[in-house]
Amino acid sequence: MYDVAIIGAGINGCSVSYELTQKNKNVVIFDMGGIASGGSGAAGAFIAPKFSKSGELKDLLHDAFVYSMEFYEKNFGHLLTKVPLLHIAHDEKDSAILRHYKQNTPLEMKTQPQELLESLEPQVKDKESIYMDAGVVNAKGMCEAMSRDAKFVKEKVTSLVYDEGVWIINDTYTAKDVVLATGAYEAVIKEPYIQIRGVWGHRIDVKTTTPNPYSIHQFLSISPSKDGVLALGATHNVHYHPQKNKEKYNLEEGRAELLEKASRTMNLENVEVINDYTGLRSGSFDYMPLLGSLVLSKETLATSMRKIRVKKPDFEEFLYYPNLYMINGNGGYGFVLAPYLAKILTKHILSGEKISERISPARFFARWAKKL
Ligand SMILES: Cc1cc2nc3c(=O)[nH]c(=O)nc-3n(C[C@H](O)[C@H](O)[C@H](O)COP(=O)(O)OP(=O)(O)OC[C@H]3O[C@@H](n4cnc5c(N)ncnc54)[C@H](O)[C@@H]3O)c2cc1C
């Protein structure tokens, strides 16, 4: 029997695997497509904060950014490239946000070097921007390295049954605890109050004779080039879902869109597409992540609606699936949030440390139940 079974080997599942195996837990991790075969394999995997005026998501991402940069550098320095990030406003509203951010952030802002300015398209040069130290990780390599001390099983989990204090997975494997890290793919446990939005993304590796040592974000993300190869990526397609749409995603159209978006920021010469990566990123409806135990909705509703309908319900009075946890909904910041959230979840699983109600999946149960 395993201590913990993790379903999903994206950056969330692999970060939890790392934390638990560091604590000598016996972990099995399942993925139907292989390690980093979902959204994580498609990601540009930039480590950057959220540039917005204020709000709890901005604060969470600030803390996660500072934590993750240090975490990756200390534990997986060979898979992290520390690189300056140039974030350029795409419209007037965005310019105002960036100005406000620069005036209020404790992070150090830098001055753009002349050679970077010269590499940009003329209409971009005088736009409001942020230039600061950030990072980019090797997405697949990081997931593989973080999960290397766990047993990996390439299998789709279709059955999850709790019997006499043990979870039985696909009628074969047993574990004391289960962590659901399935991203925007079909849920293994279906609860009506958990709704994950999947946004389809596409990243291409291109060969180009234009050198670029910077991370540049405007209408899409442009990675620093390695051996003449540059990655261009965006999660831009809200209409396509690989498990819902009948037709296949049109790679040619996706490539053309990415190249057009890149051309608005910088002119890339002699471009040849050499690889495509696609996947879903998952977001919640209030943009905050989902971390912690899942409420048993039917059972909780059957106890007392009076407790649920109050203005501020007490989450501790809800009934929860035993020894079952979720880590999901990281939006476009999976690689920034995952190490930080995995640390919190591991402390919760191993020593019962409380998880903030603002990221607990139970907040969605409370909202959903009130509307019934
Ligand atoms: C094009 C693109 C660019 C991005 N760029 C960045 C970026 O620069 N920086 C950043 O921080 N984030 C970025 N993101 C977002 C980031 O990729 C996601 O937030 C992150 O990958 C989510 O990780 P995850 O582990 O939750 O999900 P996933 O990586 O999708 O992992 C879920 C895994 O679960 C598996 N699975 C699902 N159901 C089952 C089942 N029943 N049985 C077995 N396996 C199952 C799937 O196969 C999948 O591998 C980007 C995303 C995309 C698509």
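This is a predicted model: local features need pLDDT of at least 70, side-chain atom pairs count only at pLDDT 80 or more; totals for chains, interfaces and linings use all residues.
Q: Which elements are included in what covers the buried residues of α3?
A: A residue is buried if 20 or more other C-beta atoms, placed from the backbone, lie within 10 Å of its own, exposed if 12 or fewer, and partly exposed in between. In α3 the buried residues are L60, L61, A64, F65, S68, M69, F71 and Y72. Their cover includes β3 (46-47), β4 (80-88), β5 and α11.

Q: What arc do the buried residues of α7 cover around the axis?
A: Helix α7 (residues 139-146) has A139, K140, M142, C143 and M146 as its buried residues. They lie on the same side of α7, because the arc (taken from the directions from the helix axis to the C-beta atoms) is only 165°.

Q: How many of the twelve residues of α1 are buried?
A: The buried residues of α1 are I11, N12, G13, C14, S15, V16, S17, Y18, E19 and L20. The helix is therefore largely enclosed by the rest of the structure, and the number buried is ten.

Q: Which element gives the most to the shell around the ligand?
A: The shell residues (C-beta atom, placed from the backbone, within 6 Å of the molecule) number 44, and G10, G38, G183, G201 and G334 come nearest. At least two residues each come from α1 (11-22), α2 (39-42), β10 (197-207), β13 (229-237), β14 (272-283) and α11 (334-351). The largest contribution, four residues, is that of β14.

Q: Between which domains does the ligand lie?
A: An automatic or database domain assignment supplies the bounds: domain 1 covers 2-38 + 142-196 + 285-371, and domain 2 covers 81-135 + 198-281. Their centres, taken over C-alpha atoms, are separated by 31 Å. Nine residues of domain 1 are in contact (C-beta atoms, placed from the backbone, within 7 Å) with six residues of domain 2. Both domains give residues to the shell around the ligand, so the ligand lies between domain 1 and domain 2.

Q: Is A45 buried or exposed?
A: Most residues other than glycine have a negative phi. A45, in the loop between α2 and β3, has a positive phi of about 60° although it is not a glycine. Because 30 other C-beta atoms lie within 10 Å, A45 is buried.

Q: Is E164 buried or exposed?
A: E164 lies in the loop between β7 (160-163) and β8 (166-169), and its phi is also positive, about 50°. Because E164 has 5 C-beta neighbours inside 10 Å, it counts as exposed.

Q: With which residues is G332 in contact, leaving aside its neighbours within four places in sequence?
A: G332 sits in the loop between β16 (320-328) and α11. It is buried, because 20 other C-beta atoms lie within 10 Å. Apart from those sequence neighbours, its contacts are T235 and R281.

Definitions and conventions: Residues are numbered from 1 along each chain as its sequence is written. Two residues are in contact if their C-beta atoms, placed from the backbone, lie within 7 Å.
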